[in-house]
Amino acid sequence: MGNTTGIKNIAILGSTGSIGTQALDVIRQHPDRFRAVFLAANNSWEALCRQAIEFRAEAVAICNPEHYLKVKEALSGHGTAVHCGMEAVCGMMQDQGIDIVLTSMVGFSGLESTVAAVRAGKTIALANKETLVAAGHIVMEAAKESGARIIPVDSEHSAIFQCLQGSNGAPAEKIHLTASGGPFRTWDRDRIASATKEQALKHPQWSMGSKVTIDSATMMNKGLEVIEARWLFDMPPARINVVVHPESIIHSMVEFADGAVIAQLGHPDMREPIQYALGYPDRLTLDNRKLDFARLGALTFSAPDTDRFPALGLAFEALRKGGSMPCIMNAANEAAVAAYLQGRIGFYDISDTIAECMQKAEFSGNPDLGTIFETHRASLSLARGIIDRTAAKRTM
Ligand code: MG
């Protein structure tokens, strides 16, 4: 891949998902700044081919080998190299022609390629929070060694990152992560307990993929983000505060030693943090909705309720325990959310499954990458056993 002067060459891992397609929208609006040179998708092979043709990608990778021949045929004659499998994605991270890697795969599956990109010293636009949740200590250490810069895409962490640009190097005393509260913010526990997946998938503020939308309904998303913030900003758990802010206008805040708080605001639109990460340190124009404060009226805040949303408490517990516990928690959550989306378990079975897994899974205090992969596999299998038992009880 050739490097064109002044233009940043972008690789998008997970190009057909919600973040991936919005990133391509940003790239479409700034052809003088960005080029999508490499696109990777897991299963959506037709969308991947359409993207490759529109953006004249130099290479694509389809992770599921079942679709490889179809992609190869569809792209023949288009000048796009076609690769297959996660190993090929990781190999591509060595390519000198790639400047920025946007990691927007869903869940733990993003870890391997993110580590490969970090080790190759690429600038990482990080949209895969599970990577830092499961292996934050390894990813951050690898970034220190290779000199890879990690720029957050998650809206809360982008907000914190943006707020810190104004601090002239002064460290944050505290991070205030805002949470919308999700679709069940005002519901009582009984009503939440019987919530259908259709209700859980109706997020009041953000349009996102189904995994993160369910995570928002349980508030596990905020828990994952607390752990993500711990690693990105080297912040101990006691100095990370979660506050419910249903309007989702303040995307997060940083508090300094003098008590001054800097916040980043905007209407919820993921293209803003995506564009900021790709364009950093520049700010580019974006055709998004701008804030009208007089019409906005009030911004409101409240403390999160860990009785109705136990997943958030579990995440703090996993973070305090450290080692492989966040990895165990994340794997159990992935299995439980998938089962909930299939209609096999109820809403609170998600957090019950995670809690049981955290008690029963084999724990490691200082896991290396191999141990993390093994822990993920073992915790998935443990969680699936718990889910089978729960699902069987429900159909009795
Ligand atoms: Mg977020």
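Hi everyone, I'll walk you through the sheet, a helix lying across it, and then a cavity and a pocket.

A quick word on ground rules: this is a predicted model, where local features need pLDDT of at least 70 and side-chain atom pairs count only at pLDDT 80 or more, while totals for chains, interfaces and linings use all residues. Residues are numbered from 1 along each chain as its sequence is written, and side-chain values use heavy atoms, with hydrogens and water left out.

Okay, the sheet. Strands here are DSSP runs of E with at least two residues, helices are runs of H or I with at least four, and both are numbered from the N terminus. Two strands count as paired if DSSP finds at least two bridges between them.

Let's look at both ends. Strand β3, residues 59–62, pairs with β4 over 4 bridges, in the parallel sense, and V60 stands opposite V82 in β4. Those two strands and helix α3 (residues 68–74) make a right-handed β-α-β unit; right-handed means that, with the strands pointing away from you, the path from the first strand over the helix to the second runs clockwise. Over at the other end, 3 bridges join β6 (residues 123–126) to β7, and L126 has P152 as its bridge partner.

Now, what lies across the sheet strands?

Helix α12 comes back in the second largest pocket, giving the most to its lining, with 3 residues. That pocket has a volume of about 280 Å³. Of its 17 lining residues, the closest to the centre are Q264, E272, R283, L286 and N288.The grid is 1 Å, over the protein atoms alone: a pocket is an open set of points with protein on both sides within 12 Å along at least five of seven lines, a cavity is a set where a 1.4 Å probe fits but cannot get out, and lining residues have an atom within 4 Å of a point. Points join across faces, edges and corners, and volume is the space filled by probe spheres set on them.

Lastly, the largest cavity is about 40 Å³.
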